[in-house]
Amino acid sequence: MAQDDFDVRLTDITKRFGDAVAVDNISLSVRRGEFFSLLGPSGCGKTTTLRMIAGFEHPTSGELRIRDRVVNNVPAFKRETNLVFQQLALFPHMDVFDNVAFGLQIKKLGKQEIRTRVMRMLDVVQLEGFDRRRVGQLSGGQQQRVAIARSLVNEPAVLLLDEPLGALDLKLRLQMQLELKALQQRLGTTFIYVTHDQSEALTMSDRIAVMNRGKVEQVDAGREIYLRPKTAFVARFIGETNLIRGIVRSCGSGEAVIEIQGLSLRIRTSLPLNEREEVDVSIRPETLQLQSRAEDATHHNGAANAFPARVTGVTFFGSTLRYQMTLPSGLVVDAQRLAGDATIFAVGDEVIVSVRPDGPVVLRDADGAGA
């Protein structure tokens with residue numbers, strides 16, 4: 001990809017506050033027109049990274065480029081970015097039009113140009129006809145759209161969003177996720193979005209950078225991060241998983257046999273492994289298959305990676321059921337099935353739990369230090 005196909009590049013960026021390292025030597029490239037999310041728990045460095053891109057913080061070391069211009073020490077108001085905060089900071093004494101027009105008025109553009117751009121942007125965010133409403137007369141979702149319109153009307157190269165949906169209730173937040181992604185696709189503007197909500201990032205993002213303790217653990221499309229995490233931290237943080245420690249008994253030709261508490265699990269993997277090496281294995285609950293032992297005997301199931309277990313817990317989540325299974329070795333794993341499945345198991349049922357060789361993911365690190 002050519003250099004100018006990227007709107008933002010961070011190279012070896014570190015940010016210290018006294019002795020504390022908030023961002024630790026990270027490198028990221030955000031493509032032009034991409035919806036890119038910084039995802040991680042509180043204190044991982046994602047908001048500090050966003051604030052450095054915005055110009056509200058400056059890197060201690062490293063290089064930060066926007067549209068191939070080094071901006072390490074360029075003030076926020078001279079950058080091709082705008083930032084939407086979680087606290088929207090709308091002006092309650094102004095109507096919608098004047099809130100959206102505020103930045104253009106500061107730039108002293110002509111009245112007709114301001115009106116044309118504001119009305120066009122209100123149409124884009126589906127607020128046509130609301131231009132003379134006061135902010136207090138709007139719903140939470142409408143106020144969110146006003147804040148986004150105010151940021152986009154200045155035509156930034158990059159729109160930065162710092163957990164802007166965090167204050168909304170769940171139903172409205174889900175609706176706004178879809179609207180925000182659709183808006184970004186219509187405009188083609190580069191969005192960099194900060195969130196600690198994994199489902200939010202997976203729903204909207206073209207790519208996600210998962211951060212932990214100031215470092216980037218993995219950058220990838222959401223599907224790859226979920227199905228093929230590269231570190232134990234990513235496997236734990238994104239969705240639910242059974243993370244189990246095992247020992248490599250044999251490996252080669254894209255497959256390994258991992259011993260886990262006396263059980264041999266055959267797994268397809270491209271990770272270079274050594275015999276007797278300790279590794280972690282991530283198994284998503286939905287990849288585990290369940291059969292009653294009677295059904296297994298009837299069908300003579302000879303599938304690989306099939307083991308007897310007893311159901312020791314059942315939790316109802318509405319559309320899904322979560323089963324806790326205990327194997328004879330004492331190993332406890334969770335499996336997930338649709339609540340509408342024809343076969344429903346109860347606590348005490350004897351089952352066969354199995355997983356295909358391409359289901360589990362082998363990981364080298366136990367604590368998310370990087371693999």
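For the charge count used here, Lys and Arg are positive and Asp and Glu are negative, while His and the chain ends are left out. Each charge is placed at NZ of Lys, CZ of Arg, CG of Asp or CD of Glu. On that basis the protein has 46 positive and 45 negative charges, and their mean positions lie 5 Å apart.

The model is predicted: local features need pLDDT of at least 70, side-chain atom pairs count only at pLDDT 80 or more, and totals for chains, interfaces and linings use all residues. Residues are numbered from 1 along each chain as its sequence is written, and side-chain values use heavy atoms, without hydrogens or water.

## Overall build

The protein has nine helices and 20 strands. These are DSSP runs numbered from the N terminus: helices are H or I with at least four residues, strands are E with at least two. Along the principal axes, the C-alpha atoms fill a box of roughly 80 × 45 × 35 Å.

Of the 371 residues, 48% are buried. Buried means under 20% relative accessible area, exposed means over 50%, and partly exposed is in between (1.4 Å probe, protein chains only). The accessible surface comes to about 17,600 Å², and carbon and sulfur atoms hold 49% of it. Areas come from the Shrake-Rupley method with a 1.4 Å probe; for residues, only the protein chains shown count as cover.

Contact means heavy atoms within 4.5 Å. Among contacts with a separation of 6 or more, 66% join residues 24 or more positions apart.

## Pocket and cavities

Both kinds of space are found on a 1 Å grid over the protein atoms alone. A cavity is a set of points where a 1.4 Å probe fits but cannot get out. A pocket is an open set with protein on both sides within 12 Å along at least five of seven lines. Lining residues have an atom within 4 Å of a point. Grid points are joined across faces, edges and corners, and a volume is the space filled by probe spheres set on the points.

The largest pocket has a volume of about 710 Å³. Its lining has 26 residues; Thr81, Asn82, Leu83, Gly103 and Asn154 lie nearest the centre. Elements giving two or more residues to this lining are β6 (81-84), α2 (96-106) and α4 (140-152). The largest share, four residues, comes from β6.

The whole structure has two cavities of 30 Å³ or more. The largest cavity has a volume of about 150 Å³. It is lined by 14 residues, with Leu265, Ile283, Phe307, Leu327 and Leu331 closest to its centre. Strands β13 (263-268) and β19 (350-354) each give two or more residues to that lining.

## Around helix α1

Gly45 sits in the loop between β3 (35-39) and α1. Gly45 counts as buried because its relative accessible area is 8%. Beyond its neighbours within four places in sequence, Gly45 contacts Ala22, Val23 and Met211. Its C-alpha atom is 37 Å from that of Leu265, which is 220 residues away along the chain.

Helix α1 (residues 46-54) is mostly covered, with seven of its nine residues buried. These are Lys46, Thr48, Thr49, Leu50, Met52, Ile53 and Ala54. Just after α1, Gly55 takes a positive phi of about 100°.

Lys46 is also one of the contacts of His196, along with Leu39, Gly40, Glu163 and Phe237, leaving aside neighbours within four places in sequence. His196 lies in the loop between β8 (190-195) and α6 (198-204).

## Two positive phi values

Most residues other than glycine have a negative phi. Asp12 has a positive phi near 55°, and Gln261 has one of about 50°. Asp12 is in strand β1 (residues 6-17). Gln261 lies in the loop between β12 (255-260) and β13.

## Accessibility of selected residues

| Residue | Relative accessible area | Class |
|---|---|---|
| Asp12 | 41% | partly exposed |
| His196 | 46% | partly exposed |
| Gln261 | 46% | partly exposed |
| Ala342 | 83% | exposed |

Ala342 is in the loop between β18 (332-338) and β19. From Ala342 to Thr81 is 53 Å, C-alpha to C-alpha, across 261 residues of sequence.
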